[in-house]
Amino acid sequence: MTILATEGLTKRFPRVTALDRLTVTAGPGVTGLVGANGAGKSTLIKILLGLLPPTEGRAAVLGLDPATQALDIRRKVGYMPEHDCLPPDVSATEFTVHMARMSGLPRGAARERAADTLRHVGLYEERYRPIGGYSTGMKQRVKLAQALVHDPSLLFLDEPTNGLDPRGRDDMLALIRRIGAEFGISVVVTSHLLGELERVCDHVIVIDGGRLLRSSAIGEFTQATHSITVEVEEGGEALAERLRAAGHAVTEHGRLLIVDDGAPGTHDLVRDAVCDLNLSLVRLEQGRHRIEDVFREEAAAHV
């Protein structure tokens, strides 16, 4: 079963091609849609919701065609837009109840669903206050609640951590993971912050300039490498020299050392060198590929 599919999907504007013959599919679970600002992520979501017609190609969401069945799609899908679009003079409860009624729920069911959903996203007594006085994090939770209130089969979350501080980002990512794991709702989440997607996604789609770079399970993006990542508080240069003298290739990235792990006993060697030099070890872990490596490979291919 696929939650979304595109075939040769293209969207051209007068001065830019936002999507360029994009062909991709995604199954149930949490799917990350990653790319730099302007990569075509928001354009793709708008086409999938039937809010924007494609120039060429086809798309399907939950087996439905956005070009002819947009209303049916929006009954089954929740959408959390990127930008601040909340009315400042109503409460979160009033707004979420309104969105539930717009989705076809009776008044009583709408109020009950709104209360449950707002609690799920972490809004309690504050849900009765006007939205205009909310922090950015609280507004993001309201946007998530209105996307969830009609019990959709699929959520589109466009940059849900935008504008949040580190703790707020952690809370939002935990909510997204919970929605996918506990509620059984598939999620498509866009972000330009690659580390966030590595934490919550089952599958990642990478696009750049409207073109597909890669679509894989998250485990394929983050496979172990033949290297060790070492972090010490101070003395990184001395540690690097000691390891190079022992025949290991070492690359320095600030406080991080990337040490070649081609020979047995490398972990023991690093441990002993840290002890001999009386350094404070912060991290010693197996190196892994990252989603950002896809962009590096693409850039290197065009040099």
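Q: Let's start with the inventory: how many helices and strands does the chain have?
A: The chain has 11 helices and 13 strands. Keep in mind that this is a predicted model. Along the principal axes, the C-alpha atoms fill a box of roughly 70 × 50 × 35 Å.

Q: Which domains does the domain assignment give?
A: The assignment gives domain 1, covering 4-222, and domain 2, covering 227-287. Taken over C-alpha atoms, the centres of domain 1 and domain 2 are 41 Å apart.

Q: What share of the residues in the chain is buried?
A: Of the 303 residues in the chain, 44% are buried. On contacts, consider those with a separation of 6 or more: residues 24 or more positions apart account for 70% of them.

Q: Do strand 3 and strand 7 run parallel or antiparallel?
A: Strand 3 (residues 30-34) and strand 7 (residues 186-191) run parallel, joined by five bridges. To find one of these pairings in the viewer, go to Leu33, whose bridge partner in strand 7 is Thr190.

Q: Gln140 is found in helix 5. Is Gln140 buried or exposed?
A: Compare the relative accessible area with the cut-off: buried means under 20%. Gln140 has a value of 4%, so this residue is buried.

Q: Leaving aside neighbours within four places in sequence, which residues is Gln140 in contact with?
A: With those neighbours set aside, Gln140 is in contact with Met80, Glu159, Pro160, Thr161, Asn162, Leu164 and Met172.

Q: How should I read the packing of helix 3 and helix 5? At what angle do their axes cross?
A: The axes of helix 3 (residues 92-102) and helix 5 cross at roughly 25° and come within 9 Å. Angles under 35 degrees count as roughly parallel, so helix 3 is roughly parallel to helix 5. Their crossing is right-handed. Helix 3 contributes Ala92, Phe95, Thr96 and Met99 to the contact, while helix 5 contributes Val142, Ala145 and Gln146.

Conventions. Residues are numbered from 1 along each chain as its sequence is written. This is a predicted model: local features need pLDDT of at least 70, side-chain atom pairs count only at pLDDT 80 or more; totals for chains, interfaces and linings use all residues. Side-chain values use heavy atoms; hydrogens and water are left out. Domain bounds come from an automatic or database domain assignment. Two strands pair if DSSP finds at least two bridges between them. Helices (H or I, at least four residues) and strands (E, at least two) are DSSP runs, numbered from the N terminus. Buried means under 20% relative accessible area, exposed over 50%, partly exposed in between (1.4 Å probe, protein chains only). Contact means heavy atoms within 4.5 Å. Axes are lines fitted to C-alpha atoms, for helices over the stretch in contact, and angles run from 0 to 180 degrees between N-to-C directions. Angles under 35 degrees count as roughly parallel, over 145 as roughly antiparallel, 65 to 115 as roughly perpendicular and the rest as oblique. A crossing is left-handed if the near helix is turned anticlockwise from the far one by less than a right angle, and right-handed if clockwise.
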